Amino acid sequence: MDFTFPAEVEEFRKEVRAFMEQELTPEIRDEYEHCTDYPHGFNKAITRKLGQRGWLTLTWPKEVGGKEASVWERVVFDEEMAAHHCPIAAHQVSANFAGPAVVHFATDEQKQKLLPPITRGESTWGIGLTEPNAGTDLASVELRAVRDGDDWVLNGSKMYTEHVQDSDHYFLITRTDPEAPKHRGVSIIVVDPRTPGITMVPLWTMDGYRVNQVFFEDVRVPGDALIGEENRGFYHLAMTLNTMRSSGLGGWTEAQGDLDDLVRYAKETTDNGQPLIEDSWVADGIADFAIYVRISRLLSYRVASMLESGGPAPDRETAVRGVWGKVYGQKHVKFANDVMGMAGQVGKYSPEHAPMLARWQRRYMGAIAGAHNGGTPENILNTVALRVLGLPR
Amino acid sequence: MDLGPSEAQQIIKNNARQFLEDACPTEHVREMEEDATGFDPAIWTQVCDFGWSGMLIPEEYGGFGGDMTDIAVLAEEIGRALLPSPLFASSVVGALTVMEAGSDDQKQALLPGIASGESIVTLALNEPSGTYEPWGVQTEATPDGAGWRLSGTKLYVSYADSANTLIVAARTAAGTGPEGVTLFLVDPHAPGVTITILDTIYQDHQFEVVLDGVSVNADQVLGEVGGAWPAIQQVLDRAAVVVAAESIGGAERSLELAVDYSKERVQFGRPIGSFQALQHKMARMVTEVTGAQLLVYEAAWRLTEGLDASIEVPMAKAAASGAYSTCSIEGTHIFGGAGFIKEADIQLYFRRAKGAEVLMGDPRWHRKRVTRLLAERSVPASH
Ligand SMILES: Cc1cc2nc3c(=O)[nH]c(=O)nc-3n(C[C@H](O)[C@H](O)[C@H](O)COP(=O)(O)OP(=O)(O)OC[C@H]3O[C@@H](n4cnc5c(N)ncnc54)[C@H](O)[C@@H]3O)c2cc1C
Ligand SMILES: Cc1cc2nc3c(=O)[nH]c(=O)nc-3n(C[C@H](O)[C@H](O)[C@H](O)COP(=O)(O)OP(=O)(O)OC[C@H]3O[C@@H](n4cnc5c(N)ncnc54)[C@H](O)[C@@H]3O)c2cc1C
């Protein structure tokens with residue numbers, strides 16, 4: 001039994017930490033918490049610096065600009081980013097969600113074109129899966145892509161897309177064969193979101209950032225916009241979704257920081273002279289939160305250790321980790337907010353009355369989006385029931 | 001970082017499972033609930049021959065020389081099979097207490113017998129308050145010539161009726177703190193000792209031990225007079241991890257039983273396992289037990305490596321007890337009326353989970369310990 005990182009990985013952590021401490025000015029960290037447009041900050045300059053160091057695509061093959069580093073290095077990189085509140089929106093989709101699908105399924109020519117800018121931190125992507133009539137049931141996408149000569153022509157719309165207003169590339173799943181059974185008529189197409197015929201309508205989330213409904217009207221893109229096999233997109237996507245879900249394996253450090261803040265707050269804040277932390281419901285909830293964070297870490301390491309061992313994809317472990325975060329996470333955010341009592345409702349525009357850097361009003365709302373984004377809690381429970389436990393449909 | 005059993009430990013685990021499936025089916029567990037001694041001497045001899053009873057005892061004292069991760073892995077299988085035996089009471093708690101508190105002579109005298117299984121040594125720590133805090137030790141030890149006299153009531157003492165030696169915690173100096181707590185080696189047949197079985201939910205042979213002016217010699221003090229608490233704390237932490245591991249094994253088995261039953265039981269023309277309400281329950285069960293198991297392994301590993309585990313131990317016990325409750329309570333519900341009947345295996349786990357939950361500290365108490373440490377370690381914000 002072993003729970004330690006290899007020594008060279010700890011060395012790498014020091015390097016990343018030094019970078020974060022030097023580059024992430026208080027203004028940038030503040031942006032992470034409070035920027036409009038993005039929940040976790042959008043900063044192209046930082047993304048570029050991370051890319052220059054090769055850190056955005058640590059585990060990618062060398063021939064496409066990766067470092068072929070171990071999964072553990074990716075984990076500590078993630079841990080340090082999340083712990084230091086490093087803005088991620090400018091590279092999150094390109095490096096973690098869309099990029100890996102390109103690595104796996106694209107032609108050499110497409111890879112040469114699309115991947116180097118991702119590894120250098122120079123291109124921002126959006127990902128358009130969800131549609132008005134296709135949320136959890138992704139195989140029902142209706143955005144139609146029709147071949148016309150060498151080109152593809154797109155009509156339809158995508159829903160709730162983040163990042164795309166600032167993106168160079170937009171990763172889409174489209175309906176290419178409406179006659180086939182629905183899983184077998186879907187293809188992945190990557191477009192430039194500035195292509196004529198695309199319009200974006202902003203939708204503002206309750207916690208104040210931008211997602212978009214994106215309309216496609218006779219949008220014409222070249223034939224090489226298709227990634228992977230035509231009509232096999234849903235199966236390619238299954239892998240992409242797993243990559244998405246096994247990314248952010250260091251994300252638990254953000255919750256650790258929140259917990260540390262909460263403990264400090266509950267220790268320093270008194271209720272008629274008694275520190276809140278001595279109140280039994282507060283003490284009990286804090287420990288529960290701490291256990292939650294520790295298990296989040298261990299479930300993440302479990303996935304990492306299986307990825308690193310190169311065996312079969314850790315689908316089971318990834319799904320279980322998903323349930324832990326999506327089903328069990330929100331109650332701790334609510335608890336932390338409850339501990340703040342009246343002040344828990346106060347946000348960034350009244351910072352003098354908002355505890356803990358005015359973070360928690362937004363955290364409270366963000367916990368909902370966090371649970372739904374990339375798959376709902378019920379969806380991941382279904383996955384565990386059917387795939388992990390083998391329960392009947 | 002592998003976060004789990006080594007290959008060698010996996011072999012221990014597989015062998016234990018195979019043996020217990022044969023030797024300890026649930027009919028045997030039910031039988032032992034009614035049995036006067038509460039365990040089968042033949043099985044006990046066998047598991048002692050495998051080295052289980054000496055697992056934690058160093059080789060120089062006749063043991064197997066295993067560590068906390070070894071016993072954790074084994075305890076999972078014991079929890080899964082619900083093996084009725086004094087293994088936990090004697091070979092874990094008893095052995096650890098002698099190892100932590102005893103002089104070398106005392107270790108020489110006691111450990112080989114525990115390791116071979118020939119002698120059963122059990123700790124009498126709790127009292128009617130039920131607390132694992134030092135204030136719970138109120139049994140008095142008053143000087144009497146060169147020795148002492150012990151008076152008080154000990155409760156929840158496992159297998160006291162089978163024990164050759166009781167290790168009794170008592171106060172040699174009045175108070176409520178850790179100072180003044182002393183351990184005594186007491187013959188359960190000595191005059192003034194009265195042992196009465198408790199009607200516990202799992203019928204697992206816990207006893208009330210009343211000490212009425214029991215006379216002990218100076219050489220029956222285990223370790224130092226008045227200085228036993230730090231050793232007791234070490235024992236409690238290690239034992240809590242073993243109970244936690246046992247709970248993981250029981251929780252996993254509860255889940256399996258529920259999953260299997262739900263695939264077969266048909267209502268409304270469908271297996272009940274196809275109903276999403278039950279599917280989501282079971283998905284939560286597997287998630288809780290998987291997470292808690294990693295935490296138990298981490299705590300066991302830290303103790304093995306001699307790293308600070310003061311926060312991991314209570315976290316692990318709280319999480320494992322929580323997972324065992326969830327899996328056994330929800331599991332029993334999934335069986336419907338069938339789960340409530342004695343013939344059902346799931347109800348054995350349901351009852352055992354309650355016993356394991358309060359053994360070596362209930363989850364609420366462990367969570368309190370976690371928060372106390374977090375508060376101590378918290379530093380003012382730097383910005
Ligand atoms: C802030 C935010 C950012 C997002 N960013 C993006 C993005 O960049 N790109 C993108 O493509 N999408 C994005 N999404 C969309 C997100 O992935 C979807 O919201 C999510 O997949 C759920 O789809 P839906 O909203 O259509 O809900 P629905 O699928 O309609 O679900 C509604 C409710 O029904 C439940 N439900 C549905 N099916 C089942 C079932 N079989 N069993 C049990 N319960 C079920 C769901 O769990 C949910 O509670 C974002 C969402 C949010 C909130
Ligand atoms: C102590 C005791 C006394 C009883 N006394 C009597 C009595 O005097 N007379 C009498 O007639 N009965 C009696 N019963 C039976 C009792 O009413 C049944 O146990 C109960 O109705 C459930 O039926 P079942 O046991 O067959 O479980 P099942 O119906 O097989 O249910 C098993 C599990 O599946 C779940 N489930 C079933 N269908 C669905 C669904 N559609 N969606 C989601 N979940 C589902 C259930 O909630 C349960 O968790 C008694 C039961 C007990 C435990």
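These legends walk through several close-up views of a predicted model.

Because this is a prediction, local features need pLDDT of at least 70 and side-chain atom pairs count only at pLDDT 80 or more, while totals for chains, interfaces and linings use all residues. Residues are numbered from 1 along each chain as its sequence is written, and chains are lettered from A and ligands numbered from 1 in the order in which they are written.

**View 1. The domains of chain A, with the contact of domain 1 and domain 2.**
Chain A is split into domain 1 (7-124), domain 2 (127-231) and domain 3 (251-388); such bounds come from an automatic or database domain assignment. Between the C-alpha centres of domain 1 and domain 2 of chain A there are 25 Å. Here 16 residues of domain 1 of chain A touch 14 residues of domain 2 of chain A, where contact asks for C-beta atoms, placed from the backbone, within 7 Å of each other. On the domain 1 side, helix α5 (residues 92-105) of chain A brings the largest share, six residues. Helices (H or I, at least four residues) and strands (E, at least two) are DSSP runs, numbered from the N terminus. That side of domain 1 of chain A holds 11 nonpolar, four polar and one charged residues. In this grouping Ala, Val, Leu, Ile, Met, Phe, Trp, Tyr, Cys and Pro are nonpolar, Asp, Glu, Lys and Arg are charged, and the others, Gly among them, are polar.

**View 2. Ligand 1 and its shell in chain A.**
Look for the 20 residues that surround ligand 1, the closest being Leu129(A), Gly135(A), Thr136(A), Thr376(A) and Glu378(A); a residue is near a molecule or strand if its C-beta atom, placed from the backbone, lies within 6 Å of it. Two or more residues each come from β1 (125-128), β3 (151-161), α13 (360-372) and α14 (377-388) of chain A. The largest share, three residues, belongs to α14(A). By class, the shell around ligand 1 has five nonpolar, 13 polar and two charged residues. Domain 2 (127-231) and domain 3 (251-388) of chain A both supply residues to this shell, so ligand 1 lies between them.

**View 3. Helix α4 of chain A against α8(A).**
Helix α4 (residues 71-83) of chain A packs on α8(A) at an angle of about 35°, and their axes are 7 Å apart. Axes are lines fitted to C-alpha atoms, for helices over the stretch in contact, and angles run from 0 to 180 degrees between N-to-C directions. The crossing of α4(A) and α8(A) is right-handed; a crossing is left-handed if the near helix is turned anticlockwise from the far one by less than a right angle, and right-handed if clockwise. Glu79(A), Ala82(A) and Ala83(A) of α4(A) make the contact with Thr253(A), Glu254(A) and Gly257(A) of α8(A). The classes are two nonpolar, two polar and two charged residues.

**View 4. Where chain A meets chain B.**
This contact draws 36 residues from chain A and 40 residues from chain B. On the side of chain A, two or more residues each come from α8 (252-268), α9 (280-309), α10 (315-328) and α14 of chain A. Helix α9(A) gives the largest share of that side, 14 residues. The side of chain A that touches chain B divides into 25 nonpolar, three polar and eight charged residues.

**View 5. Two helix pairs in chain B.**
The axes of α1 (residues 7-23) and α4 (residues 68-81) of chain B come within 9 Å and cross at roughly 25°, so α1(B) and α4(B) are roughly parallel. Their crossing is right-handed. Helices α5 (residues 87-101) and α6 (residues 104-116) of chain B have axes 10 Å apart, at an angle of about 170°, and are therefore roughly antiparallel. Angles under 35 degrees count as roughly parallel, over 145 as roughly antiparallel, 65 to 115 as roughly perpendicular and the rest as oblique. Among the residues of α5(B) that meet α6(B) are Gly94(B) and Val98(B).

**View 6. Ligand 2 and its shell in chain B.**
Ligand 2 is surrounded by 13 residues, with Ile272(B), Phe275(B), Gly336(B), Gly337(B) and Phe340(B) the closest. Helices α8 (276-305) and α9 (312-334) of chain B are the elements that give two or more residues to this shell. The shell around ligand 2 contains eight nonpolar, four polar and one charged residues.

Note on methods. Contact = placed C-beta atoms within 7 Å.
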